[in-house]
Amino acid sequence: MTVYNFSAGPGVLAQPVKEQIQSELMSFQGSGMSVLEISHRSSLYMEMAAEAEADLRDLMEISDEYAVLFLPGGATLQFTNIPLNLARTTGHVAYLNQGHWAQKAVDAANKIQGLQVDEIKQFDQTPTGLDYLHITTNNTIEGTTIHSLPDVKAPIVADMSSNILAEPYQINDFDAVYAGAQKNMGVAGMAVVIVKRARLENCSELSDVMNYWLEDQKHSEPNTPPVFCIYAAGKVFKWLKSLGGVDTIYQQNKEQAAMLYDEIDNSGLFKNDIPTDQRSLTNIVFTTNDDQLNSQFISAAAEAGLTNLKGHRLLGGMRASLYNAMPTAGVTKLIEVMQKFESDHKKG
Ligand SMILES: *Cc1c(COP(=O)(O)O)cnc(C)c1O
(Lines give C-alpha, C1' and ligand atoms only; values in the text may rest on other atoms or scores of the structure.)
Protein backbone atom coordinates (compact mmCIF):
# COMPACT_ATOMS: atom_id res chain seq x y z
CA MET A 1 0.00 0.00 0.00
CA THR A 2 1.29 3.47 -0.86
CA VAL A 3 1.58 5.61 2.25
CA TYR A 4 0.95 9.34 2.01
CA ASN A 5 2.46 11.36 4.84
CA PHE A 6 0.35 14.40 5.74
CA SER A 7 2.50 15.38 8.74
CA ALA A 8 2.93 19.07 9.53
CA GLY A 9 6.60 18.47 10.24
CA PRO A 10 8.90 16.80 9.61
CA GLY A 11 7.05 16.73 6.33
CA VAL A 12 6.89 14.45 3.32
CA LEU A 13 10.05 14.20 1.20
CA ALA A 14 9.85 13.76 -2.57
CA GLN A 15 10.38 10.16 -3.72
CA PRO A 16 13.22 11.05 -6.15
CA VAL A 17 15.01 12.90 -3.33
CA LYS A 18 14.84 9.87 -1.04
CA GLU A 19 15.97 7.57 -3.83
CA GLN A 20 18.99 9.74 -4.62
CA ILE A 21 19.96 9.97 -0.98
CA GLN A 22 19.75 6.18 -0.72
CA SER A 23 21.76 5.52 -3.85
CA GLU A 24 24.54 7.93 -2.84
CA LEU A 25 24.69 7.17 0.84
CA MET A 26 27.61 4.72 0.84
CA SER A 27 29.84 6.71 -1.46
CA PHE A 28 29.44 10.45 -1.95
CA GLN A 29 30.47 11.44 -5.47
CA GLY A 30 32.61 8.34 -5.88
CA SER A 31 34.75 9.29 -2.87
CA GLY A 32 34.24 5.95 -1.11
CA MET A 33 33.03 7.99 1.88
CA SER A 34 29.47 8.63 2.94
CA VAL A 35 28.12 12.18 3.06
CA LEU A 36 27.58 11.28 6.71
CA GLU A 37 31.32 11.21 7.30
CA ILE A 38 32.94 13.68 4.89
CA SER A 39 34.87 16.58 6.33
CA HIS A 40 33.23 19.98 6.26
CA ARG A 41 36.66 21.34 5.30
CA SER A 42 36.85 19.13 2.20
CA SER A 43 36.24 20.45 -1.29
CA LEU A 44 33.60 17.72 -1.63
CA TYR A 45 31.59 19.39 1.10
CA MET A 46 32.33 22.95 0.08
CA GLU A 47 31.20 22.41 -3.49
CA MET A 48 28.05 20.64 -2.32
CA ALA A 49 27.15 23.45 0.13
CA ALA A 50 27.94 26.17 -2.41
CA GLU A 51 25.69 24.46 -4.95
CA ALA A 52 22.83 24.15 -2.45
CA GLU A 53 23.15 27.85 -1.69
CA ALA A 54 23.29 28.78 -5.38
CA ASP A 55 20.20 26.68 -6.13
CA LEU A 56 18.23 28.29 -3.31
CA ARG A 57 19.34 31.73 -4.54
CA ASP A 58 18.04 30.77 -8.00
CA LEU A 59 14.74 29.43 -6.71
CA MET A 60 13.97 32.48 -4.59
CA GLU A 61 15.83 35.08 -6.68
CA ILE A 62 18.07 36.07 -3.79
CA SER A 63 20.70 38.70 -4.66
CA ASP A 64 24.15 39.12 -3.10
CA GLU A 65 22.70 41.84 -0.92
CA TYR A 66 21.46 38.95 1.20
CA ALA A 67 23.39 36.30 3.09
CA VAL A 68 22.07 32.74 2.92
CA LEU A 69 22.94 30.85 6.11
CA PHE A 70 22.50 27.17 6.97
CA LEU A 71 22.30 27.09 10.76
CA PRO A 72 21.79 24.56 13.54
CA GLY A 73 18.98 24.90 16.06
CA GLY A 74 15.96 24.92 13.78
CA ALA A 75 13.54 27.82 13.49
CA THR A 76 13.23 27.92 17.27
CA LEU A 77 16.80 29.11 17.85
CA GLN A 78 16.17 31.87 15.30
CA PHE A 79 13.35 33.14 17.54
CA THR A 80 16.24 34.25 19.79
CA ASN A 81 18.91 34.90 17.14
CA ILE A 82 16.74 37.29 15.11
CA PRO A 83 16.29 39.88 17.88
CA LEU A 84 19.85 39.46 19.20
CA ASN A 85 21.35 40.06 15.75
CA LEU A 86 18.93 42.59 14.30
CA ALA A 87 17.90 44.60 17.37
CA ARG A 88 20.59 43.67 19.94
CA THR A 89 19.30 44.26 23.47
CA THR A 90 18.38 47.91 23.15
CA GLY A 91 16.10 47.89 20.14
CA HIS A 92 12.38 48.20 19.53
CA VAL A 93 10.60 45.41 17.67
CA ALA A 94 7.00 44.38 17.02
CA TYR A 95 5.44 40.99 16.43
CA LEU A 96 2.31 40.36 14.42
CA ASN A 97 0.85 37.60 16.54
CA GLN A 98 -1.79 35.57 14.74
CA GLY A 99 -0.85 32.06 15.79
CA HIS A 100 0.86 29.71 18.18
CA TRP A 101 4.25 29.79 16.46
CA ALA A 102 4.14 33.59 16.39
CA GLN A 103 3.45 33.46 20.12
CA LYS A 104 6.60 31.36 20.59
CA ALA A 105 8.58 33.98 18.69
CA VAL A 106 7.13 36.70 20.96
CA ASP A 107 7.97 34.68 24.07
CA ALA A 108 11.57 34.24 22.96
CA ALA A 109 11.96 37.97 22.24
CA ASN A 110 10.46 38.81 25.62
CA LYS A 111 13.24 36.86 27.34
CA ILE A 112 15.78 39.37 26.07
CA GLN A 113 16.26 41.97 28.76
CA GLY A 114 16.21 45.54 27.54
CA LEU A 115 14.52 44.82 24.22
CA GLN A 116 11.19 46.61 23.71
CA VAL A 117 8.76 44.06 22.28
CA ASP A 118 5.30 45.14 21.07
CA GLU A 119 2.68 42.61 20.13
CA ILE A 120 0.12 43.50 17.49
CA LYS A 121 -2.81 41.63 15.96
CA GLN A 122 -3.13 43.49 12.64
CA PHE A 123 -0.65 45.10 10.25
CA ASP A 124 -2.29 48.52 10.66
CA GLN A 125 -1.25 48.53 14.33
CA THR A 126 2.45 48.62 13.37
CA PRO A 127 4.29 51.20 15.52
CA THR A 128 6.85 53.54 13.97
CA GLY A 129 10.61 53.47 14.51
CA LEU A 130 10.96 49.70 14.65
CA ASP A 131 14.11 47.66 14.13
CA TYR A 132 11.76 45.17 12.53
CA LEU A 133 8.22 43.88 12.38
CA HIS A 134 8.16 40.09 12.75
CA ILE A 135 5.48 38.14 10.89
CA THR A 136 4.70 34.46 10.39
CA THR A 137 3.74 33.99 6.74
CA ASN A 138 1.96 30.70 7.35
CA ASN A 139 0.38 29.70 10.66
CA THR A 140 1.13 25.98 10.58
CA ILE A 141 -1.24 25.08 13.40
CA GLU A 142 -4.19 27.33 12.53
CA GLY A 143 -3.95 26.86 8.74
CA THR A 144 -3.90 30.56 7.83
CA THR A 145 -1.54 32.46 5.53
CA ILE A 146 -0.50 36.00 4.70
CA HIS A 147 -0.48 35.53 0.92
CA SER A 148 0.46 39.11 0.11
CA LEU A 149 2.08 41.80 2.19
CA PRO A 150 0.37 45.14 2.75
CA ASP A 151 2.45 48.32 2.64
CA VAL A 152 4.06 48.67 6.06
CA LYS A 153 6.60 51.24 7.07
CA ALA A 154 8.89 48.86 8.91
CA PRO A 155 11.55 46.36 7.89
CA ILE A 156 9.88 42.95 7.85
CA VAL A 157 11.32 39.73 9.25
CA ALA A 158 9.38 36.58 8.41
CA ASP A 159 9.19 33.13 9.90
CA MET A 160 8.45 31.23 6.68
CA SER A 161 8.94 27.76 8.14
CA SER A 162 5.82 26.16 6.73
CA ASN A 163 5.41 27.85 3.36
CA ILE A 164 8.88 28.78 2.12
CA LEU A 165 9.22 27.67 -1.53
CA ALA A 166 5.51 26.79 -1.59
CA GLU A 167 4.33 30.13 -2.91
CA PRO A 168 6.22 33.07 -4.33
CA TYR A 169 7.33 35.87 -2.02
CA GLN A 170 9.71 38.67 -3.04
CA ILE A 171 12.82 38.47 -0.89
CA ASN A 172 13.36 42.20 -1.37
CA ASP A 173 10.21 42.82 0.69
CA PHE A 174 12.01 41.42 3.75
CA ASP A 175 15.09 42.24 5.79
CA ALA A 176 15.21 38.61 6.90
CA VAL A 177 13.42 35.36 6.23
CA TYR A 178 14.00 32.14 8.12
CA ALA A 179 12.61 28.63 8.10
CA GLY A 180 13.21 25.26 9.69
CA ALA A 181 14.26 22.85 6.95
CA GLN A 182 12.05 19.90 7.87
CA LYS A 183 8.77 21.13 6.38
CA ASN A 184 9.45 22.15 2.82
CA MET A 185 13.24 21.99 2.43
CA GLY A 186 14.44 18.66 3.70
CA VAL A 187 15.24 17.10 7.04
CA ALA A 188 15.19 18.28 10.65
CA GLY A 189 18.19 19.84 12.35
CA MET A 190 18.72 23.04 10.42
CA ALA A 191 17.24 26.43 9.68
CA VAL A 192 17.84 28.48 6.58
CA VAL A 193 18.26 32.19 7.32
CA ILE A 194 18.21 34.72 4.47
CA VAL A 195 19.22 38.10 5.79
CA LYS A 196 20.11 41.49 4.35
CA ARG A 197 23.87 41.88 4.69
CA ALA A 198 23.46 45.59 5.42
CA ARG A 199 21.67 44.62 8.65
CA LEU A 200 24.51 42.47 9.94
CA GLU A 201 27.06 43.56 12.48
CA ASN A 202 29.54 41.48 14.39
CA CYS A 203 27.70 40.40 17.56
CA SER A 204 30.79 39.00 19.20
CA GLU A 205 29.04 38.75 22.56
CA LEU A 206 27.03 35.85 21.09
CA SER A 207 28.05 32.27 20.50
CA ASP A 208 29.67 31.85 17.08
CA VAL A 209 26.71 29.73 15.92
CA MET A 210 24.29 32.53 16.82
CA ASN A 211 26.27 35.38 15.28
CA TYR A 212 24.80 35.93 11.81
CA TRP A 213 27.63 38.23 10.73
CA LEU A 214 30.25 35.63 11.61
CA GLU A 215 28.21 32.82 10.06
CA ASP A 216 28.14 34.83 6.83
CA GLN A 217 31.89 35.55 6.97
CA LYS A 218 32.58 31.84 7.57
CA HIS A 219 30.09 30.48 5.00
CA SER A 220 28.00 28.88 7.78
CA GLU A 221 31.07 27.01 9.06
CA PRO A 222 32.37 28.64 12.24
CA ASN A 223 31.87 25.13 13.60
CA THR A 224 30.85 21.81 12.05
CA PRO A 225 27.74 22.64 10.02
CA PRO A 226 24.71 20.33 9.69
CA VAL A 227 26.27 18.60 6.67
CA PHE A 228 23.56 16.02 6.02
CA CYS A 229 20.77 18.61 6.35
CA ILE A 230 22.52 20.87 3.84
CA TYR A 231 23.03 17.92 1.51
CA ALA A 232 19.35 16.88 1.77
CA ALA A 233 18.17 20.45 1.24
CA GLY A 234 20.40 20.64 -1.83
CA LYS A 235 18.63 17.57 -3.22
CA VAL A 236 15.24 19.17 -2.55
CA PHE A 237 16.33 22.38 -4.29
CA LYS A 238 17.53 20.45 -7.37
CA TRP A 239 14.27 18.47 -7.44
CA LEU A 240 12.21 21.65 -7.24
CA LYS A 241 14.26 23.29 -9.99
CA SER A 242 13.78 20.25 -12.21
CA LEU A 243 10.00 20.64 -11.82
CA GLY A 244 10.17 24.29 -12.89
CA GLY A 245 10.73 26.12 -9.62
CA VAL A 246 8.48 27.96 -7.20
CA ASP A 247 5.96 29.24 -9.77
CA THR A 248 5.31 25.72 -11.05
CA ILE A 249 4.94 24.15 -7.62
CA TYR A 250 2.76 27.10 -6.57
CA GLN A 251 0.29 26.21 -9.36
CA GLN A 252 0.28 22.60 -8.20
CA ASN A 253 -0.14 23.65 -4.56
CA LYS A 254 -3.09 25.90 -5.48
CA GLU A 255 -4.73 23.09 -7.45
CA GLN A 256 -4.28 20.55 -4.69
CA ALA A 257 -5.52 22.94 -2.00
CA ALA A 258 -8.54 23.90 -4.13
CA MET A 259 -9.43 20.22 -4.56
CA LEU A 260 -9.39 19.67 -0.81
CA TYR A 261 -11.12 22.93 0.19
CA ASP A 262 -13.84 22.23 -2.43
CA GLU A 263 -14.39 18.84 -0.90
CA ILE A 264 -14.62 20.34 2.60
CA ASP A 265 -16.92 23.20 1.50
CA ASN A 266 -19.26 20.84 -0.38
CA SER A 267 -19.32 18.30 2.41
CA GLY A 268 -22.15 17.96 4.89
CA LEU A 269 -19.74 16.58 7.47
CA PHE A 270 -16.38 18.33 7.26
CA LYS A 271 -15.83 22.05 7.88
CA ASN A 272 -13.19 24.77 7.64
CA ASP A 273 -14.24 28.23 8.82
CA ILE A 274 -11.23 30.23 7.64
CA PRO A 275 -11.98 33.14 5.24
CA THR A 276 -10.97 32.03 1.75
CA ASP A 277 -8.31 34.72 1.25
CA GLN A 278 -6.50 33.56 4.40
CA ARG A 279 -6.63 29.85 3.78
CA SER A 280 -3.29 28.09 3.80
CA LEU A 281 -2.11 26.07 0.81
CA THR A 282 0.25 24.01 2.93
CA ASN A 283 -1.67 23.24 6.12
CA ILE A 284 -5.35 22.57 5.67
CA VAL A 285 -7.36 22.16 8.85
CA PHE A 286 -10.82 20.62 8.97
CA THR A 287 -13.16 19.07 11.50
CA THR A 288 -16.50 17.32 11.88
CA ASN A 289 -17.01 19.28 15.14
CA ASP A 290 -17.28 15.90 16.87
CA ASP A 291 -14.17 14.54 18.61
CA GLN A 292 -15.28 10.95 18.32
CA LEU A 293 -16.03 11.21 14.60
CA ASN A 294 -12.73 12.98 14.09
CA SER A 295 -10.78 10.14 15.64
CA GLN A 296 -12.77 7.58 13.68
CA PHE A 297 -11.93 9.44 10.51
CA ILE A 298 -8.24 9.67 11.41
CA SER A 299 -8.16 5.88 12.00
CA ALA A 300 -10.03 5.12 8.77
CA ALA A 301 -7.63 7.32 6.85
CA ALA A 302 -4.58 5.69 8.47
CA GLU A 303 -5.92 2.29 7.42
CA ALA A 304 -6.03 3.57 3.86
CA GLY A 305 -2.38 4.67 4.08
CA LEU A 306 -3.03 8.33 4.84
CA THR A 307 -0.89 9.04 7.89
CA ASN A 308 -0.51 11.93 10.34
CA LEU A 309 -3.85 13.60 9.65
CA LYS A 310 -4.50 14.29 13.32
CA GLY A 311 -4.77 18.01 13.97
CA HIS A 312 -2.52 19.82 16.42
CA ARG A 313 -3.40 18.99 20.02
CA LEU A 314 -4.33 22.63 20.68
CA LEU A 315 -6.98 22.61 17.95
CA GLY A 316 -8.07 19.01 17.61
CA GLY A 317 -9.76 17.93 14.40
CA MET A 318 -7.71 17.14 11.31
CA ARG A 319 -4.87 18.79 9.48
CA ALA A 320 -3.64 17.77 6.05
CA SER A 321 -0.23 19.26 5.31
CA LEU A 322 0.22 19.54 1.57
CA TYR A 323 3.87 20.51 1.32
CA ASN A 324 5.57 20.64 -2.08
CA ALA A 325 6.44 16.94 -2.05
CA MET A 326 2.84 15.75 -1.57
CA PRO A 327 1.79 14.07 -4.82
CA THR A 328 -1.65 14.97 -6.17
CA ALA A 329 -2.51 11.27 -5.92
CA GLY A 330 -2.30 11.65 -2.13
CA VAL A 331 -4.88 14.44 -2.18
CA THR A 332 -7.16 12.46 -4.50
CA LYS A 333 -6.93 9.48 -2.16
CA LEU A 334 -7.72 11.67 0.85
CA ILE A 335 -10.81 13.04 -0.88
CA GLU A 336 -11.96 9.51 -1.73
CA VAL A 337 -11.59 8.45 1.89
CA MET A 338 -13.46 11.58 3.08
CA GLN A 339 -16.34 10.88 0.70
CA LYS A 340 -16.58 7.25 1.73
CA PHE A 341 -16.45 8.21 5.41
CA GLU A 342 -19.15 10.81 4.92
CA SER A 343 -21.51 8.42 3.17
CA ASP A 344 -20.89 5.81 5.90
CA HIS A 345 -21.64 8.36 8.63
CA LYS A 346 -24.48 10.42 7.16
CA LYS A 347 -26.49 11.75 10.02
CA GLY A 348 -30.22 10.99 10.28
C1 LIG B 1 7.59 24.17 12.76
C2 LIG B 1 7.63 25.63 12.94
C3 LIG B 1 8.58 26.25 13.76
C4 LIG B 1 9.56 25.45 14.61
O5 LIG B 1 10.55 24.89 13.84
P6 LIG B 1 11.75 24.07 14.49
O7 LIG B 1 12.66 23.88 13.33
O8 LIG B 1 11.17 22.80 15.03
O9 LIG B 1 12.34 24.88 15.57
C10 LIG B 1 8.59 27.62 13.84
N11 LIG B 1 7.71 28.35 13.14
C12 LIG B 1 6.78 27.80 12.35
C13 LIG B 1 5.84 28.68 11.60
C14 LIG B 1 6.71 26.42 12.24
O15 LIG B 1 5.78 25.86 11.43
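1. Let's start with Glu24. In this predicted model, Glu24 counts as partly exposed, at 22% relative accessibility. Buried would need a value under 20%. The side chain of Glu24 meets that of Lys235 in a salt bridge, with 3.1 Å from N to O. Lys235, at a relative accessible area of 15%, is buried. Glu24 belongs to helix 1 (residues 15–24) and Lys235 to helix 6 (residues 227–243), so this pair ties together parts that are 211 residues apart in sequence.

2. A second salt bridge worth a look joins Glu221 and Arg41, whose side chains meet at 3.5 Å, N to O. The two ends sit in loops: Glu221 in the one between helix 5 (212–217) and helix 6, Arg41 in the one between helix 1 and helix 2 (43–60). They are 180 residues apart, and the pair links distant parts of the chain. Glu221 counts as buried at 9% relative accessibility, whereas Arg41 is partly exposed at 47%.

3. Helix 6 turns up again with Lys241. Its side chain and that of Asp55 meet in a salt bridge of 2.8 Å, N to O. Asp55 lies in helix 2 and Lys241 in helix 6, so the pair ties together parts that are 186 residues apart in sequence. Here Asp55 is buried, at 6% relative accessibility, and Lys241 is partly exposed, at 32%. The two also belong to a network of salt bridges that links Glu51, Asp55, Asp58, Lys238 and Lys241. Over the whole structure, a search finds 15 salt bridges.

4. Now to the rings. The whole structure holds 11 aromatic pairs. One of them is formed by Phe270 and Phe297, edge-to-face, with 5.1 Å centre to centre and 65° between the planes. Phe270 lies in the loop between helix 7 (246–265) and strand 11 (283–286), and Phe297 in helix 8 (residues 291–303), so the pair ties together parts 27 residues apart in sequence. Phe270 counts as buried at 1% relative accessibility, and Phe297 likewise counts as buried, at 0%.

5. Phe297 has another partner in Phe286. The centres of these two rings are 6.1 Å apart and their planes are at 70°, so the pair is edge-to-face; the angle cut-off for that label is over 60 degrees. Phe286 is in strand 11 and Phe297 in helix 8, so this pair ties together parts that are 11 residues apart in sequence. Phe270, Phe286 and Phe297 form one aromatic cluster together with Phe341.

6. Which residues are closest to the ligand? They are Thr76, Thr140, Asp159, Gln182 and Lys183, out of 14 residues that surround the ligand. By class, this shell has nine polar, three nonpolar and two charged residues. Helix 3 (residues 74–86) supplies four of them, the largest share.

7. A few ligand distances may be handy for your own work. An oxygen atom of the ligand is 2.6 Å from an N or O atom in the side chain of Lys183. For the side chain of Gln182, the distance from a ligand oxygen to an N or O atom is 2.9 Å. Ala75 takes part through its backbone, where a polar atom is 3.0 Å from an oxygen atom of the ligand. As for cover, the ligand on its own has 390 Å² of accessible area, and the protein covers 88% of that.

How values were computed: Residues are numbered from 1 along each chain as its sequence is written. This is a predicted model: local features need pLDDT of at least 70, side-chain atom pairs count only at pLDDT 80 or more; totals for chains, interfaces and linings use all residues. Side-chain values use heavy atoms; hydrogens and water are left out. A residue is near a molecule or strand if one of its heavy atoms lies within 4 Å of it. A polar contact is a pair of N or O atoms within 3.5 Å; within protein, one must be able to donate a hydrogen and the other to accept it, and residues adjacent in sequence count only if both atoms are side-chain atoms. Accessible areas come from the Shrake-Rupley method with a 1.4 Å probe; for residues, only the protein chains shown count as cover. Helices (H or I, at least four residues) and strands (E, at least two) are DSSP runs, numbered from the N terminus. Ala, Val, Leu, Ile, Met, Phe, Trp, Tyr, Cys and Pro count as nonpolar, Asp, Glu, Lys and Arg as charged, and the others, Gly among them, as polar. Rings of Phe, Tyr and Trp (its six-membered ring) pair if their centres lie within 6.5 Å; planes under 30 degrees apart count as stacked, over 60 as edge-to-face and the rest as tilted. Buried means under 20% relative accessible area, exposed over 50%, partly exposed in between (1.4 Å probe, protein chains only). A salt bridge is a side-chain nitrogen of Lys or Arg within 4 Å of a carboxyl oxygen of Asp or Glu.
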